[in-house]
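Here are my notes on the model you sent over. Have a look at the sequence and coordinates first, then read on.

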Amino acid sequence: LDGHDRGGGGAPDGDGAVVYADGLRHCVPGGWYEFRCSCSIRSGGGGEENLAEALLGGGAGGASAAVRAYLTSPAGGDLATVETCGGFDGLVAAVAAMYLRMVEEGVPSAEILEDMSKRKGDFSCLGFG
């Protein structure tokens with residue numbers, strides 16, 4: 001998300017949007033991003049919703065719930081059989097933290113990876129490093 005794409009240019013256009021993958025764009029100043037996802041997840045109310053909609057504006061709790069639902073969905077990560085194994089909650093927390101920092105806070109991915117390798121901030125006790 002920090003301009004290092006695969007042939008899309010990576011330079012902001014007129015509204016500050018940057019192409020990051022396969023023609024998809026994000027705009028940190030505008031607070032939006034595009035991604036492809038046809039994965040439906042089970043919502044907190046028991047129904048189903050698209051993963052993209054579940055991630056919108058949910059903050060840390062919403063992101064964690066959506067990430068957990070995606071990782072355990074047969075159409076997503078298909079990891080339901082290991083959900084009760086040690087470390088799964090840490091994986092969910094790390095993916096949700098990474099999502100929130102990149103998309104909602106606009107932190108460059110290289111900075112997030114450095115924090116993960118040095119166990120800084122959100123990643124201080126999540127088993128990275």
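The points below go from the overall layout to one helix and then to the charged pairs.

1. Ground rules. This is a predicted model, so local features need pLDDT of at least 70 and side-chain atom pairs count only at pLDDT 80 or more, while totals for chains, interfaces and linings use all residues. Residues are numbered from 1 along each chain as its sequence is written, and side-chain values use heavy atoms, with hydrogens and water left out.

2. Layout. The chain has 4 helices and 5 strands, in the order β-β-β-β-β-α-α-α-α from the N terminus. Helices (H or I, at least four residues) and strands (E, at least two) are DSSP runs, numbered from the N terminus. Of the 129 residues, 29% count as buried; buried is under 20% relative accessible area, exposed is over 50%, and partly exposed is in between (1.4 Å probe, protein chains only).

3. Helix H4. Its buried residues are Ile 112, Asp 115 and Met 116. These cover an arc of only 100° around the axis, which puts them on the same side of H4; the arc is that of the directions from the helix axis to the C-beta atoms. Leu 113 and Lys 118 are exposed on the other side. Helix H3 (88-104) is part of what covers the buried residues of H4. Just after H4, Arg 119 takes a positive phi of about 55°.

4. Asp 115. This one deserves a look: Asp 115 sits in H4 (residues 109-118) and is buried at 8% relative accessible area. Leaving aside neighbours within four places in sequence, Asp 115 is in contact (heavy atoms within 4.5 Å) with Arg 101, Lys 120 and Phe 123.

5. Arg 101 and Asp 115 form a salt bridge through their side chains (2.9 Å, N to O), the rule being a side-chain nitrogen of Lys or Arg within 4 Å of a carboxyl oxygen of Asp or Glu. Arg 101 lies in H3 and Asp 115 in H4, so the pair ties together parts 14 residues apart in sequence. Both Arg 101 and Asp 115 are buried.

6. The other charged group. The count comes to 5 salt bridges. Among them, Arg 68 pairs with Glu 83, with the closest N and O atoms 3.1 Å apart. Arg 68 lies in helix H2 (residues 59-72) and Glu 83 in the loop between H2 and H3, so parts 15 residues apart in sequence are tied together. Arg 68 also meets Asp 89 in a salt bridge (2.5 Å, N to O). That pair links H3, where Asp 89 lies, to H2, 21 residues apart. Asp 89 is exposed at 52% relative accessibility, whereas Arg 68 is partly exposed at 25%.
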